[in-house]
Amino acid sequence: MTFTLVQVIVGGLLLGAVYALFSSGLTLVWGMMNVVNFAHGDFVMLGMYVAFVVYTLLGGGPLIGAPLATLLLATLGVIVYFGLIRDIMKGPMLAQILGTFGLALLLRYSVFWWFGANFLSLPENLVGGTFDIFGIRIQASRLLAGVVALLVTFGLHLLLTRTTLGSRMLAVAEDATAAQLMGIRPDGMQAIAWAIAAGATGLAGALIATFFYIVPTVGETLGIVAFVTVSLGGFGSVPGALVAGLLIGVIESLSGYLIGAVYKDIVVYALFLGFLWFRPQGLMGKT
Amino acid sequence: MLLDARGVTKAFGSFKAVDAASVTLEQGDILGLIGPNGAGKSTFFNCLTGDLALTSGQVLFEDHDITELLPEARARLGLARTFQVPQTFEGMTVLENVMIGAFLRTPHRAEAEARARSVLERVGMMRLADAPARSLGTPGRKRLEIARALATEPKVLLLDEAMAGLTQREVQLAIDLVRDIHRSGITLVIVEHIMEVIMSLASRVMVFHQGKEIARGSPREVTSDPAVIAAYLGTRAAKAAAGHTPIELMGGPAT
Amino acid sequence: MRRTLWLLIALALVVAYPLVFTTPFQQRLGALVLLYAIAASAWNIVGGYAGQISVGHVVFFGSGAYAAMGAYAHFALSPLIGIPAGIVFAVLIAAVIGGPTLRLSGHYFSMATIAVAELARLIVTNTEYLGAAVGLSGPTVPRNVFDMSFISALPYYYLFLAILIITLGITWWMTSSRMGFYLRAIKDSERAARSLGAPASRTKLYAYMLSAGLTSVAGALYAMIFGFVDPESGLGILISVKILIMAALGGAGLLFGPFVGAAILVPLEEISNSLLGGKGAGLTFVVYGAIIVLIARFQPGGILALINRLWAKRRAKPTEESISKEASHAS
């Protein structure tokens with residue numbers, strides 16, 4: 001009993017790390033330019049399908065699939081920034097929400113049209129099998145996904161706080177006009193932010209695809225997870241997203257285990273609403 | 001006493017933008033709030049209007065505690081304001097902008113329209129009543145701000161840099177308008193950068209520096225106060241230096 | 001005067017439509033246009049006029065649909081009886097969601113509405129009383145006219161038209177009242193509106209509740225014409241999306257915007273579905289997505305706003321110049 005519980009918690013943490021990874025992309029874009037990307041979950045979905053195609057149709061492994069998904073999604077992020085976001089950012093909020101929401105539909109149903117509505121999944125032993133650590137059984141695929149996601153999210157935090165690029169991006173976030181006066185191109189920095197944010201979703205998608213069900217509408221569920229994570233962690237905060245992501249992973253696993261799989265999403269959504277209600281500034285935000 | 005602010009403090013994190021400022025306002029006053037950029041006068045102003053919540057302190061209006069009241073509730077009591085950067089309702093006509101103010105005292109559209117028209121008449125914008133508000137330039141927008149506020153039939157009107165960005169002639173016209181408003185029995189609080197405006201309008205002046213009140217008195221008294229002169233000169237010197245070191249502009253993010 | 005004339009002509013055309021286009025497909029199509037126009041017009045009150053983008057309006061749609069079918073399935077009553085119950089339920093939900101979230105920045109509101117809609121769908125899917133995944137059905141064989149079960153689409157058409165007119169009437173009445181003025185002011189600058197005494201949170205909440213109630217009526221009508229409701233058709237997020245897109249495409253914040261949007265998109269979807277069959281469902285939403293992206297990018301005001309602008313430009317060029325001239329002389 002205790003072992004199972006520990007196993008559930010560890011599983012939740014590993015899944016939560018992946019949540020943290022793609023949520024940090026959402027929080028970065030939101031914090032930096034006050035744009036909420038309603039297509040964020042569908043970016044993750046695209047990452048999953050890229051990985052699926054590489055793993056099954058092209059015969060490549062995660063070593064090829066993950067970098068390729070990251071790269072393709074990062075490119076998509078830049079295209080979306082220059083093609084859409086840059087213009088709707090300055091417009092009314094209706095345009096912002098519509099624009100990214102329309103993008104979500106476009107992506108979701110393009111995949112639906114191409115691959116159909118069926119649930120797909122990858123062979124379980126794609127990334128090694130399952131092994132025991134102190135009697136806790138962990139799938140290699142989940143372990144790999146969790147560890148890589150954790151490292152990359154932490155790396156993202158370092159990138160933003162310890163590098164010149166990071167401080168330039170934060171300068172744009174703080175005051176785009178002032179940054180421009182210092183010779184920083186806000187456009188360039190914002191495009192990089194979109195590349196990073198979308199790249200993170202691509203990687204997360206490729207990682208999660210090794211053990212998660214794959215379906216065109218999965219982006220909707222994952223998008224809401226990202227919103228919950230960001231609103232819990234406080235918008236614009238990568239460490240916040242990390243803590244919140246892990247927490248949600250654990251809560252989801254526990255409620256799935258304790259009250260049944262169908263209720264785990266209900267718990268997460270209810271949690272989200274509760275938070276919006278009582279603590280809209282997020283778990284780590286200031287009043 | 002019309003307005004009484006006691007020990008108003010507003011902190012953003014550990015930074016105190018306004019530190020224990022107090023002020024009283026009597027019927028018929030024109031109080032000027034001055035100080036260098038970032039001295040806290042705008043923050044103090046927004047604490048009075050309810051746009052910012054106080055960290056500590058108390059604001060009384062006609063002996064009622066209004067510290068916890070929202071801006072709309074303060075407006076109902078008779079506190080009106082304008083914005084430094086005009087917050088014009090872009091999608092409306094000039095008349096409709098003023099009607100929003102007039103609706104505070106009447107729920108009826110026709111009545112609100114009649115009142116709005118008479119306010120426009122008073123501020124000399126009648127001919128523009130049906131023009132889209134977004135077609136106005138800065139002077140027109142600043143004047144529209146005042147018209148809207150007047151339409152709420154305030155007892156106290158707080159003007160936040162109502163003259164900034166106006167030409168010499170436009171400033172003179174605006175001063176005349178403020179005098180006219182004052183004559184009609186409305187008490188005024190004005191935040192202003194232009195000294196000439198303060199000198200010619202204010203009956204009393206309060207000087208802010210680094211979040212604290214450093215002087216108060218008649219315009220003549222405060223302008224000869226050594227602390228005030230030091231505050232202004234000091235800031236000017238710092239400003240000149242800042243012009244040459246771009247790093248100053250970066251503020252927080254670099255650290 | 002001119003406007004009234006155009007309105008009367010438009011009304012005459014809408015009334016005559018099902019008498020001119022008499023095939024069942026055409027009549028049904030007309031009824032569906034009106035139905036979605038009702039829902040989109042209801043959304044318009046909070047999304048268009050108040051500028052609060054609800055992406056979860058399907059919750060209200062669903063409460064109307066489930067109330068109508070529930071009245072029949074559980075109490076053997078006419079689905080019409082369910083309408084007031086649906087309204088009450090929808091308005092209550094709106095009060096509960098809107099109370100806290102309408103105070104926050106707009107994004108939070110949009111996200112909260114999505115979460116509520118999904119939560120409702122998941123809960124209903126797991127609730128036996130509401131038919132779980134299968135849903136609830138209406139009367140298969142009508143006992144009397146109040147069962148609202150007709151083979152022809154014609155009765156639905158005129159019922160929907162009447163409700164649409166009522167919805168637009170309420171909207172028009174609201175926009176020309178103080179509440180409507182306040183909403184427009186809040187949309188432009190909430191801070192300024194508050195400073196002038198507009199109770200912003202309360203006004204937005206009232207608009208949201210009004211919109212919710214009207215949307216639930218649309219949901220009840222939907223369930224009546226289709227004769228059943230299940231979690232997908234009554235609470236699926238795509239219903240919200242359709243409603244929102246129709247309003248935005250036609251012109252959010254304009255009285256007839258949602259109707260114009262519905263009149264374009266509903267035929268588009270019905271025709272593409274009947275041409276492409278099952279495979280078309282995906283493609284329809286690809287097209288929907290592309291349309292929304294294009295509106296957001298190039299014409300965020302919607303089609304009707306564009307037409308209005310072109311119209312105004314053609315007719316009133318000189319006045320506009322004289323206005324800006326006068327404006328620069330002011331003060």
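Modeller: Helices are DSSP runs of H or I with at least four residues and strands are runs of E with at least two, both numbered from the N terminus; read along the sequence in those terms, chain A follows the pattern α-α-α-α-β-β-α-α-α-α-α-α-α, and its secondary structure comes to 11 helices and two strands. This is a predicted model, in which local features need pLDDT of at least 70 and side-chain atom pairs count only at pLDDT 80 or more, while totals for chains, interfaces and linings use all residues. Residues are numbered from 1 along each chain as its sequence is written, and chains are lettered from A and ligands numbered from 1 in the order in which they are written.

Colleague: How do you know whether the radius of gyration of chain A agrees or disagrees with that of a compact globule?

Modeller: The radius is taken over C-alpha atoms, and the globule rule is 2.2 Å times the number of residues to the power 0.38. For the 287 residues of chain A the rule gives a value near 19 Å, and the chain has 18 Å, so the two agree. Along the principal axes, its C-alpha atoms fill a box of roughly 60 × 45 × 35 Å.

Colleague: What makes α5(A) and α8(A) roughly antiparallel to each other?

Modeller: Helix α5 (residues 140-162) and helix α8 (residues 186-208) of chain A pack at about 170°, with their axes 10 Å apart, where axes are lines fitted to C-alpha atoms over the stretch in contact and angles run from 0 to 180 degrees between N-to-C directions. Angles under 35 degrees count as roughly parallel, over 145 as roughly antiparallel, 65 to 115 as roughly perpendicular and the rest as oblique; the pair is therefore roughly antiparallel. Among the residues that meet are A:V148 and A:L156 in α5(A) and A:L203 and A:L207 in α8(A), contact being C-beta atoms, placed from the backbone, within 7 Å.

Colleague: Why is α2(A) called oblique to α8(A)?

Modeller: Helix α2 (residues 40-57) of chain A packs against α8(A) at an angle of about 50°, with the axes 7 Å apart, and that makes α2(A) oblique to α8(A). The contact takes in A:F43 and A:M48 of α2(A) and A:T201 and A:I208 of α8(A), among others. By class, this contact has 12 nonpolar, five polar and no charged residues, with Ala, Val, Leu, Ile, Met, Phe, Trp, Tyr, Cys and Pro counted as nonpolar, Asp, Glu, Lys and Arg as charged, and the others, Gly among them, as polar.

Colleague: What makes β2 and β5 of chain B stand at the edges?

Modeller: The open sheet has four strands in the order β2-β1-β4-β5 (chain B), with antiparallel pairing, and two strands pair if DSSP finds at least two bridges between them. β2 (15-25) and β5 (64-65) each have a single partner strand, so one side of each is left without a neighbour in the sheet. Further in, five bridges join β1 (residues 3-12) to β4 (residues 56-61) of chain B, and B:D4 stands opposite B:L60 in β4(B).

Colleague: Which element gives the most to the side of chain C that touches chain A?

Modeller: Here 36 residues of chain C are in contact with 34 residues of chain A, and α5(C) gives the most, with 13 residues. By class, that side of chain C has 26 nonpolar, eight polar and two charged residues.

Methods
Contact = placed C-beta atoms within 7 Å.
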